[in-house]
Amino acid sequence: MALALSLGSRDLGHVWPRPAVGCVLVRDGRILGRGWTRGQDGPHGEAMALAQAGEAARGATAYVTLEPCAHFGRTPPCSAALVRAGVARVVSALEDPDPRVAGRGHAILREAGIAVEAGLMAAEARETHEGFLRRIQQGRPMLTLKLATSFDGRIATASGESQWITGPAARRIVHLQRATHDAVLIGAGTARDDDPMLTVRGLGIARQPVRVVLSRRLDLPDQGLLAQSADKVPLWLVHGADVPARRRAAWTQKGAVLVEAATGADGQIDPASAMRALAAGGLTRIYCEGGGTLAATLLQADLVDRLIGFTAGLALGAEGRPALGAMGLSRLAEAPRFELVRSQAAGPDLLHLWRRRS
């Protein structure tokens, strides 16, 4: 199962809205086939493993990181494929909460006389499938918030200079992390100030994450890098309902996908509404690289599932720009808390990964 989880993780960020499922077929202690869900239109992990094993799959045990599907989607149901292949036993890590499956896959297997066991390495599987599970069960994607700061928690000098607080090793890791998420998220302020491209570079990866910008008025630079590349790399713009039709049309003509979300009492885009809209579009894993205001907004709304920090060994002082905007906290008990997963060196910098407390 550990191998199946590792295999399934290979295409994280490239399979949405599907789960990144891994599968290993074993008989008499010998691995007969391995597979993982390939892209948005490719085979599921079970189908790939069965194709490798061929006739040898008969009588084998399939280790699968999620209950085999029971419905026709972009591919035929994997539960039926396992039955046809004649496997003797299926061990799955989790039951699939998707209403189209939700126990039906296991039931199909049992009805065919296949032994079914569920729950092996369930905690590890929930972590791997977190984005898919949150979209199905909560109607929103998993959200990772990344902050690159000085030792004293600043993201730029008072004049706005921020390139580069962290070194090349940390920046390369950021590109790797972008590649394992469906989308990269920023706010309109970051889009205007930094004119970022938000693509994965230097890794030889062809399929790019969706670039998502929260911009209530769609008042973004129409000649910036995002605008110039909207017809080549996916660009989704989350906006309010009051954007003029001509401005919507201008961005649509550039190739952007417009996503309307509700606004809150402060007149800004409601972050929960934005996340629901992005989930409705199929996104399961979002990597936020926005500025301090957006980061604080997402934390206040309790939408952050993982924190990734890169801390550099320099200090910028109180006049530097803080990593987080105002959150209106008066007591420590009100502050969102996260559990440390791991920390490690990233060249001369420190990488630390946190996740929300369960």
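In which loop is Arg-201 found? Arg-201 lies in the loop between α8 (188-194) and β9 (210-214).

The views show a predicted model, in which local features need pLDDT of at least 70, side-chain atom pairs count only at pLDDT 80 or more, and totals for chains, interfaces and linings use all residues. Residues are numbered from 1 along each chain as its sequence is written, and side-chain values use heavy atoms, with hydrogens and water left out.

**View A. Surroundings of Arg-201.** Arg-201 is partly exposed, with a relative accessible area of 44% (buried means under 20%, exposed over 50%, partly exposed in between; 1.4 Å probe, protein chains only). Not counting residues up to four places away in sequence, Arg-201 is in contact (heavy atoms within 4.5 Å) with His-175 and Arg-178. The UniProt annotation "binding site", from an unreviewed entry, covers Arg-201 and Arg-178, among others; such annotations may be inferred rather than shown by experiment.

**View B. Ser-162 in its loop.** The loop holding Ser-162 runs between β7 (154-156) and α7 (168-179); helices (H or I, at least four residues) and strands (E, at least two) are DSSP runs, numbered from the N terminus. Ser-162 is partly exposed at 26% relative accessible area. Beyond four places in sequence, Ser-162 contacts Ile-155 and Ala-156. The UniProt "binding site" annotation also includes Ser-162.

**View C. Leu-351 within strand β16.** Strand β16 spans residues 349-356 and contains Leu-351. Leu-351 is buried, with a relative accessible area of 6%. Its contacts, leaving aside neighbours within four places in sequence, include Ile-173, Gln-177, Ile-308 and Phe-310. Gly-281 is 70 residues from Leu-351 in sequence and 31 Å away in space, C-alpha to C-alpha.
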